[in-house]
Every structure is written in C-alpha cells, then in structure tokens.
Amino acid sequence: MKLLANAKLNLTLEVGGRRADGYHNIDTVMHSISLCDVVTLGASASVEVTCAGLDCDAQDNIAYKAARAFFTRTGLSGGVRIDISKGIPVGAGLGGGSADAAAVLRGLNAMNNSPLDTDALLALAAGLGADVPFCLLGGAARCRGVGEHVTPLPTAGGVHAVVVFDGLAADTGEMYRRLDAFIGARPAHDHDAAVRAVAAGDPRAIAAALSNDFDALTSSPLAELLRTHGALGAMLTGSGSAAFGIFADAAAAEACTAVLGGCVQFARHVVLHSKESET
C-alpha cells in the first residue's frame, strides 16, 4: 500500500507555559498542504524502516514507533516494511515525521481490516507526537492541549502558498526553551478569525490572520523574502525554520517560486488541500 503523508502549516500558533509533564499547551489552526512524503507499506516478518537518502535508525524513527504501537495495541503478530520517500524537508517545522507516522497508522489499520476506530487511532497518535493526531485526520483543524484535542474545520482547499526552507533545521526543544526564556512581546492571536478565513477560502483573510509565537524570537528573513515577492502574508510554520507565504492566485505563487528557487535551498508552490489519501 502506498500512502501520501502530507505536510502541514500552522496558520496560527500560540504557545502556553510549560506543563508539569514538560510539554506546552498550544492553540493552533493547522492546514494540510499538497507537499508530501510517500510511505509504502509491504509484508515483512518484523518492523523495518528505510528512507532513501537518509541515515534511518529504525528504532528511533517515529514511523517505526507508530508501527510498534499499532501492533502492541491490537495484539496482532507480524511486522511491516516501511519505505519512506521524502518530499518534505527534514527539521523544517512542516510535520514530515508526524505525517509519516500518521500514514503508517492509517495504512496498517486498513491492511488489517480496521481493528481500530478513529478514536483509538487518535489515542495512539497522541502518544507519538503533538502533530500526529492532526496529521492522522488531515484537512484543517484547530488543535489544543499538546495537540491531542483536534477540532476538524472546513478546509480552504485550493488556496495557493509557497514554502521556503534554507536547509538549517530548527531544534524543536531548543526553540521552546528559548520561547520560555523570552520576555518580550508576543504576537496578537485571533484564532477565530483564522477559522473563519479558512472556512471562507479567502487568501487575503487567511494572510491577515497569520500568527506564530516563535516569530517573536526572530524576524524570519525567509518570511520577508516571501512578502517582498508578492505574498499577501508570510510566517514561520511550527517552531521553524521553514516559512510560508499565502498568495492571491497560482500565477503569483509560481512567479515567487521561480525567483526564490535560485536563492534558497527549497522553494515550492503548494496548495492547501482537504484530506490525506492513499494512492
């Protein structure tokens, strides 16, 4: 079985204080995009993970952990070979690893006659990482808690964006520690406005509603590049270091991508879309 593991954008991201368990409560509006990895599941006597072009230590890989969690929860014996073809940059804040793990859960469940319902899959996803529950459902959602409380939203399918990444991966834990120590002003957030803008599929309203607490730590030069080249609004996604811009139409997004493709390591025209899917 081949599955698309779609990246995500944080249209808003508000980070609360550190909890007793060491995690942070968040409030975020997320949306899936067309940028994706391809995850192929095949027969194997054990759990194996390969990822072309990357040094993949299987037992530290979140896709491996997802498969082990599935077999433990269901009591099913056997294994699976997981081959990951990366299209999502690693360490960019685009949720690539989380999307891969979610694809493994969905695929294994389908291949084994769906022993787990959606709630059970979401519980497994929440134990793997903050973005995995959202990636399991795809589309658009407002997520709270540490990401495990997912409220699906109408999607803004077809809105155009450009994602840029300079190849400098951000360490998520370090970024959260820096934010904890930050004493300056954080951005104003209007999550409800973002929800309304997504439901309307209005790129200008979506652009106006963008916000991310990590943007307070540093003004992203990538976001500024996007604004300079036609983005209606631009922001970091997740804790960085990738940034994205929202564009009025495909032509504007393509023009920006053509220019920035020669300036940064990764520049990709993407669209916001509705659901993750099998191929």
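Predicted model: local features only at pLDDT ≥ 70, side-chain atom pairs only at ≥ 80, totals over all residues.
Strand S10 (243-247) takes part in an open sheet of 4 strands, arranged in the order S9-S10-S7-S11 with antiparallel pairing.

**The chain as a whole**

- The protein chain has a radius of gyration of 18 Å, which agrees with the value near 19 Å that a compact globule of 279 residues would have.
- Taken along the principal axes, the box filled by the C-alpha atoms of the protein chain is roughly 55 × 45 × 35 Å.
- Of the 279 residues, 51% count as buried, while the accessible surface of the protein chain comes to about 11,600 Å², with 51% of that area belonging to carbon and sulfur atoms.
- Among contacts in the protein chain with a separation of 6 or more, 73% are accounted for by residues 24 or more positions apart.

**The sheet around S10**

- In the order S9-S10-S7-S11, the 4 strands form an open, antiparallel sheet; S9 and strand S11 (266-271) stand at its edges, each with a single partner strand, so one side of each is left without a neighbour in the sheet.
- From one strand to the next, the twist of this sheet averages 20 degrees.
- Helix H8 packs on the sheet and touches S7, S9 and S10, its direction making about 20 degrees with that of S10.
- S10 and strand S7 (residues 160-165) pair in the antiparallel sense over 5 bridges, and on the other pairing 4 bridges join S10 to S9, again with the strands running antiparallel.

**The loop between S9 and S10**

- S9 and S10 form a hairpin with 6 residues between them, and Gly 238 in the turn has a positive phi of about 60 degrees.
- Ser 239 also lies in the loop between S9 and S10, and it counts as buried because its relative accessible area is 8%, under the 20% limit.
- Setting aside residues up to four places away in sequence, Ser 239 touches Ala 170, Thr 172, Met 175 and Phe 214.
- A cis peptide bond, with omega about 10 degrees, joins Gly 240 and Ser 241, and Ser 241 is itself found in the loop that runs from strand S9 (233-236) to strand S10 (243-247).

**Aromatic pairs**

- A search of the whole structure finds 2 aromatic pairs. One of them is formed by Phe 70 and Phe 71, whose edge-to-face arrangement has 5.7 Å centre to centre and 75 degrees between the planes, and both of these residues are buried.
- The rings of Tyr 176 and Phe 214 have centres 5.0 Å apart and planes at 80 degrees, so this pair is edge-to-face.
- Tyr 176 in helix H5 (residues 172-181) and Phe 214 in the loop between strand S8 (211-212) and helix H8 (221-228) are 38 residues apart, and their pair thus links distant parts of the chain.
- Both Tyr 176 and Phe 214 are buried, and Phe 214 is also among the residues that Ser 239 touches.

**The loop between H2 and H3**

- Asn 113 is found in the loop between helix H2 (96-111) and helix H3 (118-126), and although it is not a glycine, it has a positive phi of about 60 degrees.
- With a relative accessible area of 72%, Asn 113 is exposed.
- Ser 114, placed in the loop between H2 and H3, likewise has a positive phi, near 50 degrees, in a residue other than glycine; at 48% relative accessibility, Ser 114 counts as partly exposed.

Key:
Residues numbered from 1 in each chain as written. Heavy atoms only, no water. Helix = DSSP H or I, 4+ residues; strand = E, 2+ residues; numbered from the N terminus. Buried < 20%, exposed > 50% of the residue type's maximum accessible area, 1.4 Å probe, protein only. Phe/Tyr/Trp six-rings, centres within 6.5 Å; stacked < 30°, edge-to-face > 60°. Pairing = 2+ DSSP bridges. Rg over C-alpha atoms; globule rule 2.2 N^0.38 Å. Contact = heavy atoms within 4.5 Å. Areas by Shrake-Rupley, 256 points an atom, 1.4 Å probe, with all protein chains shown as cover. Axes fitted to C-alpha atoms, helices over the stretch in contact; angles between N-to-C directions.
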